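Let's take a walk through this fold together. Keep the 3D view open and follow along as we go.

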Amino acid sequence: MKIALIGATGYVGAPLLQEALQRGHQVTALVRHPEKLAAHPRLSAVQANVQDTAKLAEQLRGHDVVISAFNPGWGVADIREQFISGSRSIIAASKQAGTQRLLVVGGAGSLYVAPGLQLIDTADFPAEYKEGAEGARQVLDLLRDEQALEWTFLSPAALLVPGPRTGKFRLGNDELLMNGDEPGSVSVADLAVALIDEAEQPQHIRQRFTLAY
């Protein structure tokens with residue numbers, strides 16, 4: 001496939017790029033700093049600003065799938081607002097480009113830990129991640145109102161950690177996956193496996209899914 005990958009140099013985006021290239025896909029990496037990416041015969045590195053919807057639409061045109069690993073950065077003061085506005089732009093640009101398939105990596109905060117209670121609303125949710133998690137939750141709400149795109153939203157396990165690519169994990173839907181009494185974990189390499197699997201063989205059209213060991 002021809003995949004447009006937004007945020008290909010980030011913590012989540014870099015493993016996604018590696019997984020897609022290893023599987024033989026043609027990838028356009030849309031990043032702020034293309035010079036950070038090593039050359040590869042199936043990789044085109046393009047400087048992009050997700051807030052520039054018109055230009056982004058041109059850059060997305062001709063791709064089979066758009067994958068967004070967009071994150072403004074955890075140190076950004078207005079991360080919630082940037083997350084929402086950037087994601088709105090990505091959604092609009094995908095539609096303008098005529099690319100129907102959009103896969104978005106979000107957060108675990110909007111997963112349910114009990115009926116009517118999402119992880120972000122629990123007392124123990126880390127304060128330093130709350131604004132970003134709230135942005136991701138609102139992006140999921142935006143997508144759930146989206147009828148034109150064949151979108152999928154992937155919430156990782158509560159603990160998204162460095163680690164090996166095993167290809168072995170559990171999938172879930174809207175509930176936080178647990179490991180006994182503890183929240184589940186997954187490596188970013190295996191998150192990449194799950195998302196590229198979804199790109200190749202869609203199982204969660206207009207749905208959110210999650211994964212953990």
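Two strands pair if DSSP finds at least two bridges between them, and helices (H or I, at least four residues) and strands (E, at least two) are DSSP runs, numbered from the N terminus. This is a predicted model, so local features need pLDDT of at least 70 and side-chain atom pairs count only at pLDDT 80 or more, while totals for chains, interfaces and linings use all residues. Residues are numbered from 1 along each chain as its sequence is written, and side-chain values use heavy atoms, leaving out hydrogens and water.

Start with the sheet: it is open, with 8 strands in the order S3-S2-S1-S4-S5-S8-S14-S10 and mixed pairing. S3 (43–47) and S10 (170–172) stand at the edges with a single partner strand each, so one side of each has no neighbour in the sheet.

Now look at S8 (residues 150–155) and S14 (residues 207–212), which pair in the parallel sense over 4 bridges. Leucine 154 has phenylalanine 209 in S14 as its bridge partner.

Next, find helix H2 (residues 53–60). Which of its residues are buried (under 20% relative accessible area, with exposed over 50% and partly exposed in between, using a 1.4 Å probe and protein chains only)? They are Leu56, Ala57, Gln59 and Leu60. Seen down the axis of H2, these buried residues fall within an arc of 165 degrees (taken from the directions from the helix axis to the C-beta atoms), so they line one face of the helix. After H2 comes glycine 62, with a positive phi near 90 degrees.
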